[in-house]
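Student: I would like to learn how to read a few features of a protein model. Where do we start?

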Amino acid sequence: MFQTRITVNKVKKMKITTYLRLTAATLLGLLAGQAYAAYAYDCGGLQVYVDGSTYSTGDTVQNNSVAYNCKVGGWCTVGGPYAPGEGWAWTEAWSDLGACDGSSSSSSSSSSSSSSSSSSSSSSGGSSSGSTSCNNLPVWDATTVYVGGNAVQHSSVKYTAKWWTQGDNPSQGGEYGVWRNDGSCSGSSSSSSSSSSSGGSSGGSSSSSSSSGASSSGGSRLGGYFVQWGVYQRNYHVKNIVTSGSAEKLTHIYYAFGNVQNGQCTIGDSYADYDRFYSAAESVDGQADTWDTGALRGSFNQLRKLKQMYPHIKVLWSFGGWTWSGGFGQAAQNPQAFADSCYNLLHDPRWDGVFDGIDLDWEYPNACGLSCDTSGYSSLTNVMEAMRARFGNELVTAAITADGTAGGKIDAADYAGASQYVDFYNVMTYDFFGAFDADGPTAPHSALYDYPGIPNAGFYSDRAIQALKNKGVPASKLNLGIGFYGRGWTGVSQSAPGGSATGAAAGSYEPGIEDYKVLKNTCPATGATGLVAGTAYAFCGNNWWSYDTPSTISGKMQYIADQDLGGSFFWELSGDTGNGELIEAMHSNQ
């Protein structure tokens, strides 16, 4: 599931946030000063922008007497940091069409609804001269999760969340923070209980009510990879899926990995897979394993129990991965025999019924990963056709490359032809850049869009999705991938992307890689300088990391909706927080 390395020369540029090291307020002032005075636009009939409303690519609105055209529907809808002319990242979402001419601007500005964030005087953290009723509003609580539209009271002031947040003090966010200041509370209502937060949910809650106030997005599928080696040093087990509150939110679990050897599917780690003893305290259902002859133990038995508790979850056994993809070339020489071996292994009597299908993570058909494959353009199609014939109505899926560059990995194999045989593809839209290029330049490993200065043109998620769709792969069969980890460098001297480095930043298990649950505390991505091309980055000391956060995940889920994709998936479960913070961000935006 790891890195893609191809050198390409052309750097495509688009007009998004510049990396000047200015404060958000200064940047906003420069942009406003340049845009408003330069030209006029007839705003007659244009709708007034309302923060949090749904907007599509191509929509035109007016805000503060300036006209804007939506470039990226997903970000336009998110609002908050993408609010046209206001948010610190608005240029990623909107194009400035010019100041409204005198014939229409006054009416649009004065008639803006109270729910709009167009007035800078009521921006998050700013003062408001008016007063508002706080009756029945919950008191802000630092441990509660809030999403766009959730309202609270804090220090006798009403605040409304612009996007996902947890722990951000409303009174300290400032004009560009997550909270919008809606004015002082009229009367006394501070006794409202914080435990009854309106629309919010505790970090570990399984409730989907936290989607209140946010637009619907994200597709119907939400799956994640469970890595067999996670039961060792990471100490992550199937039970953690339940205790984190994530089990009810997932639709699919991909068990990684089985091996591919001698043209066959084989066991990857017998001890972790089906032999490790689970005590009652470790077991997902509180019942200890037995040592009876023939008894199933290990993660397979835990997954069986999980499915009994959550029968909606589909579990697939994934084969290959970055390390074990070298055997696919031989397997492709006799696809039918390969499919037979896989089917027989999944339906071994010892664990028959645990798996609902197979997932092939071939890195990469007719291209190079850790090793190079020369099986030919049609090899993927041939293998998937054989899998479908053997597995019948069971699930057949594949994790596939996100290299959508001209002549890249997507061009190397017939992904469109193979798509007729798969239920869906998991597009690995991460690992575009990392410290496998030790000296940099620093770059986000999971950018959603292009951005100025991207080291390799075309290494971003939207390029891959469009390449697959253009080849004829149905959008409904594409899942967008999200990494629950960051990639980072050390020896970096600049906070903006594009800096040189001396090597990989230290990681808990591998240099240059760290879990989100660690990075959110050790190197948090915050402020106006923490966002690029739909993902986040952070600069701490001389370390530079890129990773997705609940806020950027919200935008990616909206992108899934805008593109009519089938859903999302992530790599991998153990990277999330103990209360499933990232999974909740995905689920609440479905």
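Tutor: Start with patches: they are made of residues with over 30% relative accessible area and no salt bridge, like charges being joined within 9 Å and nonpolar side chains (Val, Leu, Ile, Met, Phe, Trp, Tyr) within 5 Å. Accessible areas come from the Shrake-Rupley method with a 1.4 Å probe, and for residues only the protein chains shown count as cover. This is a predicted model: local features need pLDDT of at least 70, side-chain atom pairs count only at pLDDT 80 or more, and totals for chains, interfaces and linings use all residues. Residues are numbered from 1 along each chain as its sequence is written, and side-chain values use heavy atoms, leaving out hydrogens and water.

Student: Which residues form a nonpolar patch on the surface?

Tutor: W229, Y232 and Y271, with about 310 Å² of accessible area together. Y232 is partly exposed at 38% relative accessible area (buried is under 20%, exposed over 50%, partly exposed in between; 1.4 Å probe, protein chains only).

Student: How many salt bridges are found in the whole structure?

Tutor: A salt bridge is a side-chain nitrogen of Lys or Arg within 4 Å of a carboxyl oxygen of Asp or Glu. The search finds 16. One of them joins K249 and E584, at 2.8 Å from N to O.

Student: Are K249 and E584 buried or exposed?

Tutor: K249 is buried at 3% relative accessible area, and E584 is buried at 2%.

Student: What about D411 and K471?

Tutor: Their side chains meet in a salt bridge of 2.9 Å, N to O. D411 is partly exposed at 33%, and K471 is partly exposed at 35%.
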